[in-house]
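Morning, everyone. Let me put the sequence and the structure up, and then we will walk through some packing.

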2 protein chains.
Amino acid sequence: MIPESVPERRYAIFAEGYFTDRHAKTAHGLLRYGKDEVVCVIDSTLAGKRALEVMPEVRRDAPIVGSMQEALDYSPTSVLVGLAPAGGRLPEEWMAGLKEASEAGVEIVSGLHQRLAPEFPGRKVWDVREPPAEIPLFSGEGFGVEPRIALTVGTDAAVGKMTATLEVEQAAREAGVKTEFAATGQTGIIISGWGVCVDAVISDFIAGAAEQLVLEAAKRNPDLILVEGQGALAHPAYSGVTLGLLHGSCPDCLVLCADASGEEILAGVPRPEVPRAVRLYEEVAALVKPAPVVAISVNTRSLDDGESEKYISAIAEETGLPVADPLRSSAAPILEAVLAAPKTAPMK
Amino acid sequence: MIPESVPERRYAIFAEGYFTDRHAKTAHGLLRYGKDEVVCVIDSTLAGKRALEVMPEVRRDAPIVGSMQEALDYSPTSVLVGLAPAGGRLPEEWMAGLKEASEAGVEIVSGLHQRLAPEFPGRKVWDVREPPAEIPLFSGEGFGVEPRIALTVGTDAAVGKMTATLEVEQAAREAGVKTEFAATGQTGIIISGWGVCVDAVISDFIAGAAEQLVLEAAKRNPDLILVEGQGALAHPAYSGVTLGLLHGSCPDCLVLCADASGEEILAGVPRPEVPRAVRLYEEVAALVKPAPVVAISVNTRSLDDGESEKYISAIAEETGLPVADPLRSSAAPILEAVLAAPKTAPMK
């Protein structure tokens, strides 16, 4: 269900008019964390500039060109369409650009809800959100996976679970720990080249899809499997996906992600306090297989340095766990805690 | 997304060779709990007998006939195909019978995973598992539903949640309480004539589908909405569906269903003890909106009368809650507890 070998891609990132928009998360993620080459970015409003110049946080440079035609001069294997347009469907002028690329034999890679394969019949299209055709039900085979499995979970959706997972992966790679990143959302999948978009799977198979992901990651013989979390146990719209992933991916330990900005989740539902979230994730995981929260990854971009330090100390005090903001400092303390966690067995 | 008015059906139940098989749950459920007429059962191995004679627990009689042709003499509006065959696809001889019915203008009603609509183009087919085309994300609109909402949950899957829900509904009807049964699985949907098979919905929309169900039920102005639960919080294969339903259906209270036979759930994962299940359902619900467990519905068919009494007393002692086996005695104590529960508001 998941490709045995992941092809190497040379990407042109199609980001017409929105490269610096914060919704262009997939484009930024691919530049920042992707292993594939990025040959250029297409955005006529920024043509002639460079990616790092307009968006230093992407950490990797690429020229910005004004048209698909110019982009094709860089011989990309693939064009990434990363942003969902407001109306849901891609505007006609975007489709024309993609058609040009596709007719030149370039693969279209899309994380949109709208599937693009039917729009380009006979051409190479990777609709990243499309789930595998055959996903088995969860069987428990994942309990036997040998490498240590860590899953990121959150006090809310969109608190930085993917970023935390990728930063821990980077720290692990730097420390020489052989690590597989098991991607569960479109951006993560584009970054790593494989994975399953678990929220696009039929409900009955969420846990089965998560189990297949860790079984697949295990085949590559890593020391550590880092599973990208989705949603949150307290987010009423996504909690089902979160729990399916929590049970299905058979984690040995959890990294809880929290955001220092104290917003509500939705419709008056508050974000749970960190200690309550720790306790509930652990208790619900333990119905199936114990998975202690071993570290807290915080996102403190809303705070200045002094406030951030205070926030981190307070959470460390409340939970007795290592706490770090991997973007502000380093993911090393989180990695250390994950590597110190033992493998766990299912409840008996 | 859900039909405004539910058509009245006159069913022929197609159960060739398996009417008394325990897997014919949908056939038995329709006879026992359905409001629609059942004009006959088709099973050539039992032709000439009557339903109550071979299967007293279905509580409603119907003649058993030997062929589809005979069944058509009873002028059914609909033929129910209730059992999933071993190989996944319906055998050719069954398809021939269904074709005969369908060509006579009779609706085919199927709870199978395999969709039958494509097999009978231009004919009336109700594929009960097919989810509505457009399901919105969960929005919190369900928090404003006026009638009291009760959801059944379980210590495991297949412990009798649907039966408990239907028995409580029956007790409510007998007590003159205007009640809507919100069905979430194929058998329940066939029994009540409407609903959404939540485990067939794309994962992102489980909670949204559950919310739409209670909003739809509320439009009928009942005093009480009884939502049929699915899976179990501790069942690793289905816990995602369970939690999506728990948060999405915005219940004010829960009825926990437990089975006296103490089997494991799957792959070494044990069924949680009842008090632990009570506590965890309450805590996880309360992340979004409080929903206390107000009663325990037990399934004691594996016990004799004395053992059953002992089991019930022990659970009542452990939990301090009303406990009843609705099939062995009555659902009245459960209904009473549900009606005494207050409406709850989302957490602030």
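Is helix H1 (residues 25–33) of chain B largely enclosed by the rest of the structure or largely open, and why? Largely enclosed, because 7 of its 9 residues are buried. Buried has a cut-off here: 20 or more other C-beta atoms within 10 Å of the residue's own, with 12 or fewer meaning exposed, anything in between partly exposed, and C-beta atoms placed from the backbone. Helices and strands are DSSP runs, numbered from the N terminus: H or I with at least four residues for helices, E with at least two for strands.

Ground rules before I go on. This is a predicted model, where local features need pLDDT of at least 70, side-chain atom pairs count only at pLDDT 80 or more, and totals for chains, interfaces and linings use all residues. Residues are numbered from 1 along each chain as its sequence is written, while chains are lettered from A and ligands numbered from 1 in the order in which they are written.

Back to H1(B). The buried residues are Thr26(B), Ala27(B), His28(B), Gly29(B), Leu30(B), Leu31(B) and Tyr33(B). What covers them? The cover includes strands E1 (10–14), E2 (37–42) and E4 (78–81) of chain B. It also includes helices H2 (51–54), H5 (161–174) and H6 (186–192) of chain B.

Next, the core. A nonpolar core is a set of buried Ala, Val, Leu, Ile, Met, Phe, Trp, Tyr and Cys residues joined through C-beta atoms within 7 Å. The largest one has 236 residues. Touching the most other members are Ile13(A), Leu254(A), Leu256(A), Val338(A), Ile13(B), Leu256(B) and Val338(B). Take Ile13(B). Leave out its neighbours within four places in sequence, and Ile13(B) is in contact with Ala27(B), Leu30(B), Val38(B), Val41(B), Ile42(B), Leu80(B) and Gly82(B). Contact means C-beta atoms, placed from the backbone, within 7 Å.

The axes of H5(B) and helix H11 (residues 332–340) of chain B come within 9 Å and cross at roughly 75 degrees. Axes are lines fitted to C-alpha atoms, for helices over the stretch in contact, and angles run from 0 to 180 degrees between N-to-C directions. The two helices are therefore roughly perpendicular. H5(B) brings Val168(B), Ala171(B) and Ala172(B). H11(B) brings Ala332(B), Ile334(B), Leu335(B) and Val338(B). By class, that is 7 nonpolar, no polar and no charged residues. Nonpolar is Ala, Val, Leu, Ile, Met, Phe, Trp, Tyr, Cys and Pro; charged is Asp, Glu, Lys and Arg; the others, Gly among them, are polar.

A pair in chain A now. Helix H9 (residues 274–286) and helix H10 (305–319) of chain A have axes that come within 9 Å and cross at roughly 45 degrees. That makes H9(A) oblique to H10(A). The contact is made by Val274(A), Pro275(A) and Val278(A) of H9(A) with Ile315(A), Glu318(A) and Thr319(A) of H10(A).

Now the chain-to-chain contact. It takes 40 residues from chain B and 40 residues from chain A. On the chain B side, which helix gives the most? H8(B), with 7 residues. The class count for that side is 26 nonpolar, 10 polar and 4 charged.

H8 also meets its counterpart. The axes of H8 (residues 239–248) of chain A and H8 (residues 239–248) of chain B come within 7 Å and cross at roughly 155 degrees. That makes H8(A) roughly antiparallel to H8(B). Their contact residues divide into 4 nonpolar, 8 polar and no charged.

Last, some loops. Arg59(A) sits between helix H2 (51–54) and strand E3 (64–65) of chain A. Its phi is positive, about 65 degrees, although it is not a glycine. Arg59(A) counts as exposed, with 12 C-beta neighbours inside 10 Å. Ser75(B) also has a positive phi, about 50 degrees, and is not a glycine. Ser75(B) is in the loop between helix H3 (68–72) and E4 of chain B. With 11 other C-beta atoms within 10 Å, Ser75(B) is exposed.

Note on methods:
Angles under 35 degrees count as roughly parallel, over 145 as roughly antiparallel, 65 to 115 as roughly perpendicular and the rest as oblique. Two residues are in contact if their C-beta atoms, placed from the backbone, lie within 7 Å.
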